[in-house]
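Grab a pencil and have a look at the molecule below.

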Amino acid sequence: MINSLFLINPSGEIFLEKHWKSVVSRSVCDYFLEAKEKALEPEDVPPVIHTPHHYLISIYRDKLFFLSVIQTEVPPLFVIEFLHRVAEMIQDYFGECSETVVKDHMVMVYELLEEMLDNGFPLATESNVLKEMIRPPTILRSVVNTLTGTSNVGDTFPTGQLSTIPWRRAGVRYTNNEAYFDVVEEIDAILDQSGTTVFAEIQGVVEACVKLSGMPDLTLSFMNPRLLDDVSFHPCVRYKLWESERVLSFIPPDGNFTLMTYHVNAQNLVAIPVYVKQSISFFECGSDGRLDVTVGPKQTMGKTVEGVMVTVHLPKTILSINLTATQGSYTYDNGTKLLVWDIGKLNPQKLPNLRGSLSLQAGAPKPEENPSLNIDLNIQQLAISGLKVNRLDMFGEKYKPFKGVKYITKAGKFQVRT
Amino acid sequence: MTPMQKLLQLPVNAMNMVKTAQDQMGQQDEAKSPVMTPDGGNHNWYNGEPNDPRHIRFGSGGGDQEERAHLEEGGGSLSSLVTQPLRHDDLKEMLDSNKDSLKLEAMKRIVAMIARGKNASDLFPAVVKNVACKNIEVKKLVYVYLVRYAEEQQDLALLSISTFQRGLKDPNQLIRASALRVLSSIRVTIIVPIMMLAIKEAASDMSPYVRKTAAHAIPKLYSLDPEQKDCLIEVIEKLLADKTTLVAGSVVMAFEEVCPERIDLIHKNYRKLCNLLIDVEEWGQVVIINMLTRYARTQFLNPNMNESLLEEGGGEKAFYGSDNDDDTDDEEDKEEKEKKKTEATAIVKRKPYVMDPDHRLLLRNTKPLLQSRNAAVVMAVAQLYFHLAPKAEVGVIAKALVRLMRSHSEVQYVVLQNVATMSIKRRGMFEPYLKSFYIRSTDPTQIKVLKLEVLTNLANETNISTILREFQTYIKSNDKDFVAATIQAIGRCATNIGEVRDTCLNGLVQLLSNRDELVVAESVVVIKKLLQMQPEQHSDIIKHMAKLTDNIQVPMARASILWLIGEYCEHVPKIAPDVLRKMAKTFTNEEDIVKLQIINLAAKLYLTNSKQTKLLTQYVLNLAKYDQNYDIRDRARFIRQLIVPTDKSGALSKYAKKLFLALKPAPVLESPFKDRDHFQLGSLSHLLNAKAGGYQVLPDWPEAAPDPSVRNVEVKESVITLLERVTTLTSVPEWTKCSSREKRKEKKADKPFYSDSEGESGPTESADSASDTASGSESGSGSEESGSGSESEESNEESESASEEDEEEEGKKKKKNVEKIKARKPVPESESEPSSGEEVKKSEKKSKPRIGSSESESEEDDDSESESSESEEESEEESEEETKKKKKTTASKPPSKPPKKENKKEKKEMSLLDFDDFDPAPSPSQVTPLNNFLSSSLVTDLEGLSLTDNVLSPTTIVPSGNLKTYELLHRITGEGLSVEYCFSRQPFSPDLHMVAVKIQFTNSATSEAKSLHVEDAKLQSGMRIKEFPEIEVLPAGETVSVVMGIDFCDSTQAANFQLCTHTRKFFVSIQPPVGELMMPIFMTENEFKKEQETLLQSLGQLMGMNEITEKLTLEEKCQGEHAVVQRVTTAANLSRVPCGSDKECRFAGKTVTSGSLVLVSVVTKEDGAAQLTVNCEKMVIGTMLVKDILQALTQ
């Protein structure tokens, strides 16, 4: 199983190492660093590298490389999934997952890693269990700790590990009992030059923030569960009930968690909320080109489209650009050739437009391909698939919880080919 | 014991030793340098500022080495410490202080050093002293330190052992566990015996968590000392038998690391593992699923061995198709070959494939895990299905795998690799998701290339145009590696799909005018391969390419063009010599591969057109003669000898033409993922396409299935207790029933002799239907499983009892139908107003399987099963000679099979109930969910109860003697002995915690049956049976009733046992409807209310009772108080609580085993509306009861 873990920053510095079995020299990372050098982008580093004595499995996340060393056969996804859990755990504990955060909380991260694996096999990966053993830092607690010399290590034992519902802490108490659910849907789409949809689908996720006392047992039902084609659940959800009744029945973990992800039935046509009129052209003779992009609302179900942003990776041969935006502002990084046009809210009366000229490096040939546009947007209070939560029932506790559901539609991997 | 004693004593001495060392050193330090204050510059240690001078001194690798060297020679002794007196003094000081806060600070800095990879091993003596520190955080950090450095400082590490040994005896399970965890993590060989002892002890610890830790410790010890393997296997064997989900994953992991070859250890635990699987934590699931895949490959038969036959016509027609086999229109040659092979074996065997129920169990229990959030679990299930499932069922994994594609790019990478392999074998599976593999410009290159691979694999005649259009956009990409891959992909599509070859070729030719040289070069290479397939038609393309030689610089492309021209010089007779001329001019500047091709071209032209090219060839060969590269010189020399006729030229020159102008077969463009599936999918080895260390080969399917009975689990204790109790039995009523399932099995064997309906379905059909019936009953909620078992029993029993004579008159074939009709009869009867007219109606409906929603299930089940048996029988008739053989096999099967199925069901149900019931404390009242969830099955499950009378309740008006009987053993199966049972609702006097079951034996055979008794009960834990006293002789034609007691442990799981006569043994099972698990108690209205109150109040507490309320509409016939009472009491063994109002009916009872109260009240309102309330501590019982009563009242 997993032998060692190294955290490596983008410049190749190893700033944390943890070994669960015999110590593996950090020189093993050289193979990885070599591969990293070769790759153009950090994402291009192969996740699995074979070295003479070890296998290196790595993930790139939040600008950090998590590199694990293994010695024997193990399902690669097992390791990858675990590494992502580590990243999520750090995020969960410290609010973000970054080099600074890890360096600031070196000891705590190390302790957490110690608890998460035993001899390379995952032991406690549930955030609720971990938090019982090692309390996450809060401002208040850090003040108290410095004053009193107490610490973050829980003095209670991780009873959660003993129970058959390891995801929930025991003895939770809240004065305000509340349960919030965010239904977030993302539209993945590829539109071609003419604006026709090559491919579109809706992926959704139900994020929950449950702060309920005791051991509540929740049942969430949808008005139209038939919409859901493929689902995956947090382990707390009872599969069988979903299969037979199409309701989500679960004893929730405490705090934030992802209850389910789903994929909307492919038969349903996906409403594309915006259209994009674009023309990017380069002139054959001169070293010049033009760019003209207009974004407008299409099928928005009467809601406003917000947070619209267009990202373009311009060809490498672009020398400079000179554009004007009728709405919002654009930024352009000449190093990465990344053009970001932040539009904001879409106004159907006055469509935002970005146009201007692009100048190419002298003598450079006309680029083969026009860059594709990546669109970002969100629509509040709308689940584009039409999914609706019917009701949430609670059993097992007597108080009346405060319940809420929020719908958001976002653009996922929304790409317009040009 | 001696080494242990030594060790135990060691700490004291060692401690002293260290103390003195420390003291001395401390004095010296004080003398030499002032000790730094903790808050001084020291803080930098913790923060790890790289500019700290001391970091530079020993923080780098070189420094580490040096330090370690020191420590190793000195073993942490005085000398090494003295030589570097300044190092970590402050930390040592802090560790020696009395203040916990200082110690903590020091430990934090030390751990931070470790985390950063700095060496802190010289602090070992100072740290290890704190192992017994009271402060829990210090202690934890010391553990962390110890685990990291103990290996390097073995002697000193021993100091800590006694602390852990004490911890192992701690009353707190978590302390025991963590002591074992640290103890086993210290990689010190000398403590191996201690570890071994500790593991053994922990393996039988009461706490499952400690046992889990023990499982974790096993591989640790094994890696430390592989000689302990045998002992460890014993521990593993013991832990494998553990029934808790907590342990299961960890022990299988240990099994995989220590003794993966001992597959025999799994047999007994196989079913348990399958059933626990869903509740095991996700990481354990991955390990278990992977292991079970391997296990299944050794134990079961290939479900696809008949796949060729299945594919042809599907269903019954498949059988006629044996001569059409060759017509399979699958384009994949490989598959065809495979098919033929399997077909061949299938023909040889002609044995109907019946999926082992255990095989089915595995598939069924893993399927829901496709919904896991953990990608590794999904992948594990996917590979399990890919390797084990019948072809028709593999499709379910596609959706889940496509879902994973939205995950992180690393996950995508791994999943795509596996999808690529799968899509070669089973293309149809991913075809619907074609668009999900479309490439975005933002994908990392490695993902793009993999998606391309999948798209290429999925291409076929129907979708090729869309795919090619997609490819066209990819060619424009800026990512040149990707473009090259796309061109190759187009080439592969063109070779695989003849229709589009020309289109592709044209497209590629257009690419030749692309501005990017790489694109052109790649196109040339691909075109070359394509042209090789049909060169005649494409001389113009070759001409076009000849022109390109002026521009293209990429050597591979130039070489390809030259080869093409040389190979097909006859098609371009004018251009070829000219090209050679040009090439001869530039020969010296070309790359080596191009030079070689120029020589080849020259040689070929010389042979075909020596007039024009003789001189050119000479020239080229001369140039080559003096080339720097010896390969080229060699080639030139060789070719000269071969083609230029000289006196000395050998015999070979005659064949020169043949040598050079031989027809070369077109290259096969293959996917790099072809045949990768001989590695277990999802494994590291598969990903690397090379065997990784520790990889366990996925075995091939066995030719014949090993004995399935090895997986039967015996419950010996219960049998013994039973035997003890037998003597006390007194009453001897009669019995006559047998397990319907068994009966059916027997029928299968018998039928062929009687019926001769279309005998064509053959092995495939039966394989199919067997799996269908299985999946039919299984795919639903698991409880349906349990339900279906009893349903079919019911229906059969009832029919049996009612239609004895019918059966004899009618043919066996018809009997089935009769049974079906009869099976329905009891329902209306039981529903209090049996009208003959209704009965007739019902029987008329026999062709329509669905009558009532509740019935439909039982009937479906029944139907499908009867179909399966029919089909099997048909298959058997299909070839007369084999009939006998087969009959033997089928006939020999039944005895072993029924219990297995039963077992399976029972377990399934258990896991289901556990599923909601897993933790009584936290989830006391999640009532509605369970309710719904059990609904479908229990309705039918409990249907049978409606006729039983309630002796103890004074207010019931159920006619007694109308007890509903169930069949236990059918007359045919029992070889003349038929057995029925009913729940007599009498208290079972020898043990009041048992449910009395009245069993009636009827001997309709011609000879007498002797020594009827019960044997070999296979019971769920906690269940007990009190057998009836042995019936010594049952003469022919006689009937005898006995009563036996069964403690069902308040669950509706079946009690399985063997019914033995002097000659035969029959596997039978009794499954109680929930209403029979209770007995009536008498209560007044006030008491009732009070009880109900207390129950409700205790609801707040976790152990409280539940209340389930359901609204319902009473059927017209049942709107009176009288009817309600009757129906409720028929459905459940409860007594009526007298009550003032006629709008309310209350019933009370308690469960037989645990005596938990069961309170039921029905409040009727206007228009037949009513409200049903059930209070019961046992949540499961309560919910099931609600369903039951609800059904009784609404039908």
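**Exercise 1.** Is Gln381(A) buried or exposed?

*Solution.* Start with the ground rules. This is a predicted model, in which local features need pLDDT of at least 70 and side-chain atom pairs count only at pLDDT 80 or more, while totals for chains, interfaces and linings use all residues. Residues are numbered from 1 along each chain as its sequence is written, chains are lettered from A and ligands numbered from 1 in the order in which they are written, and side-chain values use heavy atoms, with hydrogens and water left out.

Next, the cut-offs: buried means under 20% relative accessible area, exposed over 50%, and partly exposed in between (1.4 Å probe, protein chains only). Gln381(A) has a relative accessible area of 58%, so it is exposed. To find Gln381(A), go to the loop between strand S21 (373-380) and strand S22 (389-395) of chain A. Helices (H or I, at least four residues) and strands (E, at least two) are DSSP runs, numbered from the N terminus. Gln381(A) also has a positive phi of about 55°, although it is not a glycine.

**Exercise 2.** Where is Asn119(A) found, and is it buried or exposed?

*Solution.* Look in the loop between strand S6 (117-118) and strand S7 (121-122) of chain A. Asn119(A) has 10% relative accessibility, so it counts as buried. Its phi is near 55°, a positive value in a residue other than glycine.

**Exercise 3.** In which sense do strand S1 (residues 2-8) and S2(A) of chain A pair, parallel or antiparallel?

*Solution.* Two strands pair if DSSP finds at least two bridges between them. S1(A) and S2(A) have five bridges and run in the antiparallel sense. One place to check is Leu5(A), whose bridge partner in S2(A) is Lys18(A). As for cover, six of the six residues in strand S2 (residues 14-19) are buried.

**Exercise 4.** How many residues of chain A are in contact with chain B?

*Solution.* Contact means heavy atoms within 4.5 Å. By that rule, 104 residues of chain A touch 115 residues of chain B. The two chains bury about 9700 Å² between them, 57% of it on carbon and sulfur atoms; buried area is the accessible area (1.4 Å probe) that two parts lose on being put together, summed over both. Glu73(A), Leu77(A) and Lys240(A) supply 8% of the area that chain A buries against chain B, more than any other three residues.

**Exercise 5.** How many salt bridges are there between chain A and chain B?

*Solution.* Side chains of opposite charge can pair when their charged atoms come close. Here a salt bridge is a side-chain nitrogen of Lys or Arg within 4 Å of a carboxyl oxygen of Asp or Glu. The count between the chains is 10. One of them joins Arg406(B) to Glu186(A), with the closest N and O atoms 2.7 Å apart. Another pairs Asp229(A) with Lys399(B) at 3.0 Å. That pair crosses from strand S11 (residues 228-233) of chain A to helix H24 (residues 396-404) of chain B. Asp229(A) is partly exposed at 23% relative accessible area, and Lys399(B), at 27%, is partly exposed too.
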